[in-house]
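Ready for a few exercises on how one chain holds itself together? Grab a pencil, look at the picture, and try each task before you read the solution.

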Amino acid sequence: QVQLAESGGGLVQPGGSLRLSCAASGSIFNIDAWGWYRQAPGQQRELVAALTSSSSTNYADFAEGRFTLYRDNAANTLYLQMNSLNPDDTAVYYCKLTMRRFILARSVDYWGKGTLVTVSS
C-alpha cells in the first residue's frame, strides 16, 4: 500500500521560506505524476507544482520563480522549496502521487494528509 508522509509546514513571516517534504513508502512505480496542491479556506484545491510522466515540471503562475520542485530518487522524497512567501500562500498543502496500474488500465491517485502553511506577521 502506498503512503505519503508530508512535513515542513508551519508559521512563517512574509518574505520567508519553507521547504515541504513528501516521503513516499510502499510499492512506488510507474509514476504518472507527483506534485503538490494547496487549498485555502473557502477556496478550491489547486495545483502548485508537479512532475509529469514526460519528466517536465508544471508550475502554477503564482509559484513560477518563487517555488522549486525537486525529487530525491534515493530517498523517494519530493520536495517543494518555497521562497518569498506572502499571506496569499496560506493554505493546507497536499502531496499527490499518481501511478499507472496497467492491469486496471487506469491511473490511481494517492493523497497525503496535508501540511498547514501559514504566512503571517
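Start with this: Cys22 has a relative accessibility of 0%, so it counts as buried (buried means under 20% relative accessible area, exposed over 50%, and partly exposed in between, using a 1.4 Å probe and protein chains only). Before going on, note that this is a predicted model, where local features need pLDDT of at least 70 and side-chain atom pairs count only at pLDDT 80 or more, while totals for chains, interfaces and linings use all residues. Residues are numbered from 1 along each chain as its sequence is written, and side-chain values use heavy atoms, with hydrogens and water left out.

**Exercise 1. Find the partner of Cys22 and describe the link.**

Step 1: A disulfide is a covalent bond between the sulfur atoms of two cysteines; here the cut-off is a pair of cysteine sulfur atoms within 2.5 Å.
Step 2: Searching the whole structure turns up one disulfide. It joins Cys22 to Cys95, with 2.1 Å from S to S.
Step 3: Now place the two ends. Cys22 is in strand S3 and Cys95 in strand S9, 73 residues apart, so the pair links distant parts of the chain (strands are DSSP runs of E, at least two residues, and helices are runs of H or I, at least four, numbered from the N terminus).

**Exercise 2. Work out which residues the salt-bridge network links.**

Step 1: Side chains of opposite charge can pair when their charged atoms come close. The rule here is a side-chain nitrogen of Lys or Arg within 4 Å of a carboxyl oxygen of Asp or Glu.
Step 2: The whole structure has four salt bridges. One of them pairs Glu46 with Arg38, their closest N and O atoms being 3.0 Å apart.
Step 3: Compare the two ends: Glu46 is partly exposed at 33%, whereas Arg38 is buried at 6%.
Step 4: Another bridge runs between Asp89 and Arg66, at 2.8 Å. Asp89 lies in the loop between S8 and S9, and Arg66 in the loop between S6 and S7, so this bridge ties together parts 23 residues apart in sequence. Both Asp89 and Arg66 are buried.

**Exercise 3. Say what sits over the ring of Tyr94.**

Step 1: A charge sits over a ring if NZ of Lys or CZ of Arg is within 6 Å of the ring centre and within 35 degrees of the ring normal.
Step 2: The charged end of Arg45 passes that test, 3.8 Å from the centre of the Tyr94 ring.
Step 3: Arg45 also lies over the face of Trp111, at 4.7 Å from the ring centre.
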